[in-house]
Amino acid sequence: MLVKFYGTRGSIPVCSPGFQEFGGNTTCIQIRVKETNNIAVLDAGTGIRELGKDFLKSGHKQDEIFIAFTHFHWDHIQGFPFFAPALVKNQKINILALGWGYKLNSLEDIFRTQMRKEYFPVQLEKMGADFNFMLLKETKKVFEPRVKKPTPVLVKTNKHNHPGGAYGYRIERKGKVIVFCTDIEHGISIDENVVKFAENADLLIHDAQYTDEELKKKSGWGHSSFNQAIEVAERANVKLLALTHHDPDHDDEFLKKMEVKCQKRFSNCFVAREKTEIEI
Ligand SMILES: [Zn+2]
Ligand SMILES: [Zn+2]
């Protein structure tokens with residue numbers, strides 16, 4: 001699997017100079033299967049705009065595209081109306097919220113409301129794609145892509161402590177494991193369920209919005225520190241750690257310094273940069 005970061009910023013996009021190396025777009029990750037070129041998307045922050053453009057430019061045709069959502073805060077849905085493949089007539093797009101089934105009445109309402117004419121000129125039903133809203137109660141599901149020799153993909157979610165709720169995703173395919181844990185506030189000590197959930201991951205992508213000092217002042221805001229992300233990676237025996245959901249006030253210079261600091265404690269880690277792609 002290839003993981004590409006299209007949005008690494010938390011809370012709100014930033015476009016100022018000094019924020020270009022790590023990028024200003026909000027959370028969006030592409031997972032691409034090398035053999036088929038098929039993609040799946042995690043969250044639709046503003047980064048999904050570039051992702052959609054790249055997808056169409058590549059000319060790759062895919063029967064159905066999955067977009068899985070950790071939760072629906074603005075920084076995770078804001079790019080959705082600008083996802084160009086959603087304007088392609090009859091393109092099937094599955095909107096997945098695994099584990100959310102008990103908490104929401106309707107998944108469609110979230111996107112329909114976001115695109116009401118008071119907020120946006122094009123309404124959901126006018127986009128063109130054929131949307132399938134998958135609001136599921138279970139926290140574990142096997143997906144079998146519609147290809148000649150399908151390789152099953154096991155997707156699991158884990159509930160996070162976050163205002164309004166959020167879920168982490170664990171994706172397992174052909175013995176490789178990617179875990180995405182963003183928008184998580186551990187509390188006084190590390191959430192043991194998160195450690196268990198991330199166990200032996202080849203790649204853990206973890207919220208690192210704050211320094212330890214900032215975290216003390218931002219209790220209840222729903223995020224983690226760099227050190228907490230490292231602690232999860234260490235305890236879960238993670239092979240590679242990507243730190244993400246950068247605070248909008250953390251510029252490139254600051255993040256570069258933090259990266260050096262974090263690598264001293266956990267050598268196999270990096271601060272996620274927009275457009276970086278890694279193979280797992
Ligand atoms: Zn967020
Ligand atoms: Zn959030």
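This is a short tour of a predicted model, one selection at a time.

**The whole chain**

Start with everything shown. The chain has seven helices and 14 strands. Its radius of gyration is 18 Å, close to the 19 Å that the globule rule gives for 280 residues, so the chain is as compact as a globular protein of that length. Along the principal axes, the C-alpha atoms fill a box of roughly 50 × 45 × 35 Å. Of the 280 residues, 45% count as buried. Take the contacts between residues at least 6 apart in sequence: 66% of them join residues at least 24 apart.

**First sheet**

Select strands E1 to E6 together with E14. These seven strands form an open sheet with mixed pairing, in the order E6-E5-E4-E3-E2-E1-E14. Strand E6 (130-136) and strand E14 (277-279) are the edge strands, and each pairs on one side only. From one strand to the next, the twist averages 20°.

Now keep E5 and E6. Strand E5 covers residues 92-98, and its pairing with E6 is parallel, over seven bridges. To see one position in this pair, pick isoleucine 93, which stands opposite phenylalanine 131 in E6.

**Helix H1**

Select residues 48-58, which make up helix H1. Which residues of H1 are buried? They are Ile48, Arg49, Glu50, Leu51, Gly52 and Phe55. Then step to glycine 59, just after the helix, where phi is positive at about 75°.

Select E7 to E13. Here is another open sheet of seven strands, ordered E7-E8-E9-E10-E11-E12-E13, and its pairing is mixed. At the edges stand E7 and strand E13 (269-271); each has a single partner strand, so one side of each is left without a neighbour in the sheet. Direction ignored, neighbouring strands of this sheet are turned by 15° against each other on average.

Within this sheet, select residues 203-207 (strand E11) and 241-244 (strand E12), which pair in the parallel sense over four bridges. Histidine 206 has leucine 243 in E12 as its bridge partner. Next, bring in helix H6, residues 226-235: it lies across E11, E12 and E13 and runs at about 150° to E11. Helix H7 (residues 252-265) also packs on the sheet, where it touches E12 and E13. The direction of H7 makes about 170° with that of E13.

**Phenylalanine 143**

Go to strand E7, residues 140-143, and select phenylalanine 143. Why does phenylalanine 143 count as partly exposed? It has 16 other C-beta atoms within 10 Å, and a buried residue would need 20 or more, an exposed one 12 or fewer. Not counting residues up to four places away in sequence, phenylalanine 143 touches Pro152, Val153 and Val155. Leucine 154 is eleven residues from phenylalanine 143 in sequence, and their C-alpha atoms are 6.4 Å apart.

**The nonpolar core**

Finish with the largest nonpolar core, which has 71 residues. Select Val41, Ile67, Ile178, Ala198, Leu204 and Leu243, the residues with the most contacts inside this core. Then centre on alanine 198. Apart from neighbours within four places in sequence, what is alanine 198 in contact with? Its contacts are Val179, Cys181, Leu204, Val232, Ala236 and Val238.

Definitions and conventions. Residues numbered from 1 in each chain as written. Chains lettered and ligands numbered in written order. Predicted model: local features only at pLDDT ≥ 70, side-chain atom pairs only at ≥ 80, totals over all residues. Core = buried A, V, L, I, M, F, W, Y, C linked by C-beta atoms within 7 Å. Contact = placed C-beta atoms within 7 Å. Helix = DSSP H or I, 4+ residues; strand = E, 2+ residues; numbered from the N terminus. Pairing = 2+ DSSP bridges. Axes fitted to C-alpha atoms, helices over the stretch in contact; angles between N-to-C directions. Rg over C-alpha atoms; globule rule 2.2 N^0.38 Å.
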